[in-house]
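Please look at the aromatic side chains of this model and at the charged group that accompanies them.

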Amino acid sequence: VQLQASGGGLVQAGGALRLSCSFSGRLGSIDVMAWYRQAPGRQRELVADITTGDRTNYADSVKGRFAISTNNALNTVYLQMNSLKPEDTAVYYCQLRARPHLLAPPATYWGQGTQVTVSS
């Protein structure tokens, strides 16, 4: 399974960006798709996740500003980021938790990361 993230860049505070992460490869089932971020000198943290039943979960720091979604084929996950702040600056990683086949235990897959920089 390969994950390809895109959409990062440089934006001014108050601006918006949309991240995309597409994944390819055969899977038995998908449990959760998520976005994490890691700022310099800090631990990687969960930003948002979404289940295949469209149940979403957000970090308190991004609630009301970010929105996670998927496409109908469930092979792309998006992160719409609005009202960006300098403290949102980080490398953003997509994550997929899925079963390689239906009888397998769940595995975790990571994308390569995309840089988001918010200037003040």
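In this predicted model, Arg44 lies over the face of Tyr93, at 3.7 Å from the ring centre. Arg44 also lies over the face of Trp110, there at 4.6 Å from the ring centre. Ring pairs, in turn, link Tyr93 and Trp110 with Tyr36 into a cluster.

**Ring pairs**

- The count of aromatic pairs, taken with centres within 6.5 Å, comes to two.
- Tyr36 and Trp110 form an edge-to-face pair, with 5.1 Å from centre to centre and 65° between the planes.
- Because Tyr36 belongs to strand 4 (residues 29–38) and Trp110 to strand 10 (residues 107–110), this pair ties together parts that are 74 residues apart in sequence.
- Tyr93 and Trp110 likewise form an edge-to-face pair, for which the centre-to-centre value is 6.4 Å and the angle between the planes is 90°.
- Since Tyr93 lies in strand 9 (residues 90–99) and Trp110 in strand 10, the pair ties together parts that are 17 residues apart in sequence.

- Trp110, which takes part in the pair with Tyr36 and in the pair with Tyr93, counts as partly exposed at 36% relative accessibility.

Technical notes:
Residues numbered from 1 in each chain as written. Predicted model: local features only at pLDDT ≥ 70, side-chain atom pairs only at ≥ 80, totals over all residues. Heavy atoms only, no water. Phe/Tyr/Trp six-rings, centres within 6.5 Å; stacked < 30°, edge-to-face > 60°. Helix = DSSP H or I, 4+ residues; strand = E, 2+ residues; numbered from the N terminus. Buried < 20%, exposed > 50% of the residue type's maximum accessible area, 1.4 Å probe, protein only. Lys NZ or Arg CZ within 6 Å of the ring centre and 35° of its normal.
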